[in-house]
Structure formats: C-alpha cells, structure tokens
Amino acid sequence: MSVRACIKGVVATVSFAVSAVVAQSEMSSAPNFVFIQVDDLGWSDLGCYGNSFHRTPRIDRLAREGMRFTSAYAAAPICLPTRASVLTGQYPARLHTTGQPGYKQDDQSERICWHPNFRTHLPEGTRTLAHELRRVGYESVCIGKFGVEGEPKSFGLTLKEGDNDQLTEYALEYLREKHNDPFFLYLNYHWVHIPLESDPERVARFVARLKPGMLQNPTYAAMIEEVDEAVGRILDEMERLELAENTVVIFTSDNGGFLGHDSDRFVTTNAPLREGKASLYEGGIRVPLIVRWSGKVPENSLSEVPVISVDFFPTFLELVGVEPPSNQKLDGLSLVPVLLQRHSLHRETLYWHWPHYRRAMPGIHASASSAIRHGRWKLIEFFEDRHVELYDLGSDLGETNDLAQRRPNKVLQLHTMLMGWREKVGAQLPARNPRFAEPWNFAEEDVPNN
C-alpha cells in the first residue's frame, strides 16, 4: 500500500472515530432502533406529505416529533435490491442484486435487452448491519418481509413471519421482552403491496369521501389507515415501556408507489412525481422518510438533503460507535450530521442502476436504465436505444421538461460520471438480444456480468 493510501486510511479512521465520539456525547447511551418499512408506500401517500384523502394521524404525529425528509430515495425502484442496500450500505449495482427472483423466469424473447445474470441473495461473506450491531451487544430481529433470498440467521437476524396483524403483535411482544437490552427491530409490513384487501366497513368510509375526479383508491386508502393504526400501537407501547427517549424510530418505504398492472384496478398516484414502482423517474424511487430520536433530533424539523437507503448502515454504526467493516466498501454516508442539524452531507451525487424490464404497468417506462442525480440535475439513460433524458429537479419535480437537447454539456458531464460509476462498482449491463439489430454500442462491454 502506498504512503498516500496509508495516510488516507488513517485520516478516515480518525474522522469516523471523532464523529462517533461527538454523536455518543450527544446521547446518554447507544440507542435502540425501530426501523419500520412499508412495502410499496408512495412518497405522496401520507398526510404529512400532502395527501388529504388518506388518514395517517399517527404517522403525521411521528413526523412532528422528528425529522421529515423531502428528498429521500430508495436505492432501487423495487423491493429486493433496496432491502439489500439497507442491510449492507452498498448500492445494488455493486452487490449485483438489482432484480427479483421472478425476473429469472421472464420470457425475454421479444425484448431488445435481456436481464444480466444478477443475484437474488447477498454475496458470500457480506457483513450486514445486524452483524455489526452484534459486535456491541445488540440483538437484531426481522419481523415480516425479509425480501432478500437466503437464511436470515446467516445475516445475523432472527426472522418472524405472519400476516400484517400478526407482525404488529410480534413487534409488541418483542419490545416487551427486549426493552431492557439493546435491540434492532426491523419491522417489514406486507402492506400496502397488492392484492388490495381491507375491512369492507373501513373501505366504505373512504368510498363515501370520494369526490368526482379524485384519483384515489378507497381500498388502498383503507390499507394505509391500517398501517397508521399499527404504527400508532408500536409507538404507544414504546411510550409505555419508556423506550421513546432512547430509541431511533425510522419510518420509510422500499420503493415508490405501485400504480398497478394493466389487469389490476388502479392502485395509487404518486403525483406530483412521475410514474411509480419499477421506474427510475422520481415516482419509482423517491420515498417518504421520517426519523424520530426524542431529545436529539429536533421536533417538527424538515430536511431537503438528498439521502438514500444505503445511508442507514453507516448511520447506525456511527450512533453505536462501531467502525465500518474494513473489507467492505460502503456507498452510503452517515445521516447523523443531518439529524442533529450540525451540517449537511459532503455529497452531491446519487446513483441508480436498473438493468431490467418489469411486467406491463400503465404509464410506466420500466425498461432497462441507469440514473444519476447530481445536485438539482438528474439524468436517466435508457439502454434500449441509449437515449438520455435530463431534468432540473429544482424547478421540475414532475420531470415533465426534458432538457437534454438544450444542455448538451450538462448531459456529457453527468453521462460521463454515470458511466464511470458503473465501471467503478462493477455494474452488470443488460445483454443484447441477437434477434434484434444491435441497439447500442457496448462501450462498457468489459463490465463483468457474473
């Protein structure tokens, strides 16, 4: 190793240690963690994010008691890769966990691009968040949808499964049993994923609230209300057990809201965001994020800092004073400076890689693509024809005005950065279907697919 590399490593270690000491000094002891992840919940589905049809009083109260993020992202537009990113702090492109098991059985004969040979499990030897927390005495449990293939115990997690009501009861039981010990409760509801099902009387109350022209689904709204009530029960039990003061509560989603298959009833709208689940437009990757840490995170605070699901891993580690694993590259940054409002993050750029198609959905351009957000600018590259689109999110949150033709220098800058990142993390490119004429020049063909 060079002298420069050694010095850089020492500086990074010292910097993390100092940061961890500062974080530790601002709390009485290392906190517990309750991480609530709702399946397919959209960015605009909650009252605190502007939805006046859905009823979410308890989640809205949670937002008032903590920090609400307006520019939070999932690392992927579907669940498995995002959940892998939470557990590892790594981009799905680096892990090669970009798709889902069902994609391996897809008929791709009529597609220009084919799925790469992606994983549906974590690479052997991967250190997870639960592994690292165990080093300082934490017990970690996953209640509900784990999402990643493989045995949860090998990732340091105990798994408890059931229906949504059972998941809430399991979580309450766990809090009662473990409240005197440091814990990480990873609660993954099956709500609000299809099929859409809820109590008929509850649904009827939302039907009665519908007005002509409203793009709202009463059954979906009823399911969100059920989520809200379940979260309220968790928070009430934490209060009763006197856990609220030293527990970091995180509430988020694994990807953008699901608009529905062609054959299904309309599910939700992510307006003002464009498209939804399985798309790299904002509606597919921007998600709600609320963090409460009583007495530490300022109440009723708002952050516009762009953050992403790979950031949770380093955040947890800093809060418990554990250095990152030396043999595992982390792609995320600790959110502690943002949560404590010390300063913003020293980062301008986020990346996504989605080398897949998705089953037909109305209004979704879900073909293979990659994206980069750099400051207020966002570029999406579509692999079918290698065309790019450029948006200014600062003035065009809905991605309605493609500026690629008018800002060629900005396109060149961001596209060069995006290609460089893909090479750096070893991103898998989609394969060419030989039935079609070659759709693009594979400038990155040497990127490994296995």
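In the predicted model, Tyr-281 is buried, with a relative accessible area of 1%. Because Tyr-281 is placed in the loop between strand 7 (247–253) and helix 9 (282–285), whereas Phe-382 belongs to strand 13 (residues 377–382), the pair ties together parts that are 101 residues apart in sequence.

The structure holds 20 aromatic pairs. One aromatic cluster is formed by Phe-33, Phe-35, Tyr-138, Phe-184, Tyr-186, Phe-312 and Phe-316. Aromatic rings also face charged groups: the charged end of Lys-104 sits over the ring of Phe-118, at 4.1 Å from the ring centre, and the charged end of Lys-160 is found over the ring of Tyr-170, at 4.5 Å from the centre of that ring.

For the protein as a whole, the secondary structure comes to 12 helices and 15 strands, and 60% of the 450 residues count as buried. Among the contacts with a separation of 6 or more, 70% are accounted for by residues 24 or more positions apart. The accessible surface amounts to about 18,400 Å², and carbon and sulfur atoms contribute 50% of this area.

Ser-301 provides a further example of a buried position, in this case within strand 9 (residues 301–303), where its relative accessible area of 8% falls under the 20% limit and Ser-301 is therefore assigned to the buried class. When residues up to four places away in sequence are not counted, Ser-301 touches Gly-66, Met-67, Arg-68 and Gln-341.

On the surface, Val-207, Leu-210 and Met-214 form a nonpolar patch, and the accessible area of these residues together is about 210 Å². Met-214 is located in the loop between helix 7 (200–209) and helix 8 (218–240).

Note on methods
Residues numbered from 1 in each chain as written. Predicted model: local features only at pLDDT ≥ 70, side-chain atom pairs only at ≥ 80, totals over all residues. Heavy atoms only, no water. Helix = DSSP H or I, 4+ residues; strand = E, 2+ residues; numbered from the N terminus. Buried < 20%, exposed > 50% of the residue type's maximum accessible area, 1.4 Å probe, protein only. Contact = heavy atoms within 4.5 Å. Areas by Shrake-Rupley, 256 points an atom, 1.4 Å probe, with all protein chains shown as cover. Patch = residues over 30% accessible without salt bridge, like charges linked within 9 Å, V, L, I, M, F, W, Y side chains within 5 Å. Salt bridge = Lys/Arg side-chain N within 4 Å of Asp/Glu carboxyl O. Phe/Tyr/Trp six-rings, centres within 6.5 Å; stacked < 30°, edge-to-face > 60°. Lys NZ or Arg CZ within 6 Å of the ring centre and 35° of its normal.
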